[in-house]
Amino acid sequence: MQVIDFKCPNCGSDMVYDSESGMLSCHSCGRTDDIKLMPDPLKRNVFSEGEATEYHCKSCGAVVITDADTTATSCSFCGSGIVLGDRLTGKLAPALVIPFSISKEEAMRAFRKWCRNGRLTPNGFMTADRVKGITGMYVPFWLYELNNAVEVHAHGTRVSTYTKGDYRYTETQHFDVYRKIRLNYVDVPIDASEKMNDELMDKLEPFPYDQLKSFKTAYLAGYIAEKYNFDEKELFPRAKSKIHPFIEEYIRSTMTQYTTVNYTNKQIDTKLGHAEYALLPVWVVHYDYNKLEYTFAMNGQTGKVVGKPPISKRKVMTWFAGISASCFLSLKLISWMMGGGFW
Amino acid sequence: MRRSGLILSVVFFFFAVFLASPMEMKTAMALTPEGKQLIFDEAGLLKQEEYHELTTLAKQYGAHRETDIIILTTNNDVNGDVMKLTEDFYDEYGPGYDKPHGNAVILTLDMNNREVYLAGFYKAKTYLDDERLDKIRSKITPDLTSGDYALAFQTYMQTVDKYMGYEPGVNPDNPLFNVWVQLGASCIIGGIIVAAMVIRSGGRITINRSTYEDANTSGILDRRDQYIRTTVTKQKIQRQQSSGSGGGGGGTTGGGHSHSGSRGSF
Ligand SMILES: [Zn+2]
Ligand SMILES: [Zn+2]
């Protein structure tokens, strides 16, 4: 019983999660079920210990081809949505999920629009007609609660200048500065999948946390999902380094009355409050251009697109020449107005 | 595509105008009245070919600025004052691009006392005030001292031409007026903006320090701002010496022509 699928009780077709209505819906007969009210099949089933080596599609019986991290996919023979239950239980059970709010069609439209707006991308790229595939994927994230105790000793100065007679005086007031700060961060997302590029995932933020829901397997129906490769302890250093610049900014913001600040002693103690396992929605677009494959990611809720597009050298040069020439013209005009002559 | 083509053509138009501008100067040269003597090398400092080259240059720049650019060298056997020599020369000879006793700038070398005097008359008085003449003099003095007279005279003519292109009262050596500074600054600005565009093409980070901050439970628990001491440093303000017009370098000739001036030794 490791494999779960979602068959329509009315007609037996596959049911999928509908991003528009937020319901599990059947495309054949139009039946919709509220996921929040459904019993989760995961909770009813008891899985045997250890990971199964082979999964069989419940619709057609074919072997489901997946890699070791996949938790939800579709059968490559009959197309039924399948959830691999044993990869979502025990330690691997997600606590939260943000479902998709952007459908596949909307995602394609948004991606095409984004391509057209690329001022530096080659013209051929802008037409966006080489999309190799677009996949709705639930990416595993840890949402960290981090509690920081901060203590800072610093030397601050306030500088003022005034003139008296023939002299300009610079008056520097020196202060001994101390701050004790409690700084808590909640739901700091760190992607826990080995496959996903960390930099790309960071740029997808923020995810709308008001859309967070308790995890129900049915949300995965019709999408791909992955399980985490790194647990919350392994990724704790990355979470710490992610909030570090925020802490620095906060500390400095408590000392704005000083012209200069020199830290003599700074202690930041970060404690892991707790971390929740959440699945966040990402549209992954694979794109072929000039025999190279580019990968883009789109936030499945906000539609924000990230990823390195190809850059046209010609367009870069054109923009550079255009901006430089107009700067040159402006400088010429300024110097002319100041009486410097035009040539 | 069409837009980038437009930008390119604007750029090319610019550089075409920029490259074409020296040509306009050469055509203007043809209008100079021929046969006018501008270099009076009584001390015999110049070779024949230097004399011809400098005369050509003086005519070219003179036509450009509508001013006679004159050089007078003398052994000063009568041991007169270099400023008086210059004034008398102007009264007597009556140079001027526009009319006799008109626009002229004169460089006088007194080889006897090794003194140099620069004087600007009419248009040259307005555009080459005492301050600008001082700048020209300090530019050519090292070459005069070392005996590179032809080079010094050439620098003199070029600088006169350059400075007369700026409105009176502005600093002609302002770096903002330098075409290379303008070009360099434009390229740096263009480079920074385009680099930012390239970096941002992959998507920007749109979170900040308050995105994940729990404002309800965060805050300052304890703070201390203890005053220790005050230190004061003082710096003398550099006041620009105002060069009094009339008093310093310039004056009025016996014939009643007022002029700007700058004198010094070499
Ligand atoms: Zn149905
Ligand atoms: Zn199947």
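**Metal sites and a helix**

Modeller: In this predicted model, the zinc ion (ligand 2) is held by the SG atoms of Cys57(A), Cys60(A), Cys75(A) and Cys78(A), at 2.2 to 2.4 Å.

Biologist: What arrangement do the 4 donor atoms make around the zinc ion (ligand 2)?

Modeller: The arrangement is tetrahedral, because the angles that the 4 donor atoms subtend run from 104 to 115°, and the limits for calling four donors tetrahedral are 85 and 135 degrees.

Biologist: And what spacing do those donors follow along the chain?

Modeller: The donors of the zinc ion (ligand 2) follow C-x2-C-x14-C-x2-C.

Biologist: How accessible is Cys60(A), and what about Cys78(A)?

Modeller: Cys60(A) has a relative accessible area of 40%, so it counts as partly exposed, and Cys78(A), at 37%, is partly exposed too.

Biologist: Now the other metal: which residues are the protein donors of the zinc ion (ligand 1)?

Modeller: Cys8(A), Cys11(A), Cys26(A) and Cys29(A) each provide an SG atom, lying 2.2 to 2.3 Å from the zinc ion (ligand 1). The angles among these 4 donor atoms are 102 to 118°, and the site is tetrahedral. Along the chain, the spacing of the donors of ligand 1 is C-x2-C-x14-C-x2-C.

Biologist: Is Cys8(A) buried or exposed?

Modeller: Cys8(A) is buried, with a relative accessible area of 5%, whereas Cys11(A), at 39%, is partly exposed.

Biologist: Switching topic, what span should helix α2 of chain A have?

Modeller: Helix α2 (residues 104-116) has 13 residues, which at 1.5 Å a residue should span 18 Å, and the end C-alpha atoms are 19 Å apart, in agreement with that.

Biologist: Which residues of α2(A) are buried, and why do they line one face?

Modeller: The buried residues in α2(A) are Ala107(A), Met108(A), Phe111(A) and Cys115(A). Viewed down the helix axis, the buried residues of α2(A) fall within an arc of 100°, so they line one face. In general, an α-helix has 3.6 residues a turn, so residues three or four places apart point the same way.

Biologist: What do those buried residues pack against, and which ones are exposed on the other side?

Modeller: The buried residues of α2(A) pack against α3 (123-126), β8 (131-164), β12 (260-289), β13 (292-299) and β14 (305-306) of chain A. On the other side of α2(A), Glu105(A), Arg109(A), Lys113(A) and Arg116(A) are exposed.

Terms used:
Residues are numbered from 1 along each chain as its sequence is written. Chains are lettered from A and ligands numbered from 1 in the order in which they are written. This is a predicted model: local features need pLDDT of at least 70, side-chain atom pairs count only at pLDDT 80 or more; totals for chains, interfaces and linings use all residues. Side-chain values use heavy atoms; hydrogens and water are left out. Donors are N, O and S atoms within 2.8 Å of the metal (3.2 Å for Na, K and Ca); water is not among the atoms, so sites may look incomplete. Four donors count as tetrahedral if all angles lie between 85 and 135 degrees; four count as square planar and six as octahedral if opposite donors are over 155 degrees apart and all others between 65 and 115; anything else is irregular. Buried means under 20% relative accessible area, exposed over 50%, partly exposed in between (1.4 Å probe, protein chains only). Helices (H or I, at least four residues) and strands (E, at least two) are DSSP runs, numbered from the N terminus. The expected span of a helix is 1.5 Å times one less than its number of residues. The arc is that of the directions from the helix axis to the C-beta atoms. Contact means heavy atoms within 4.5 Å.
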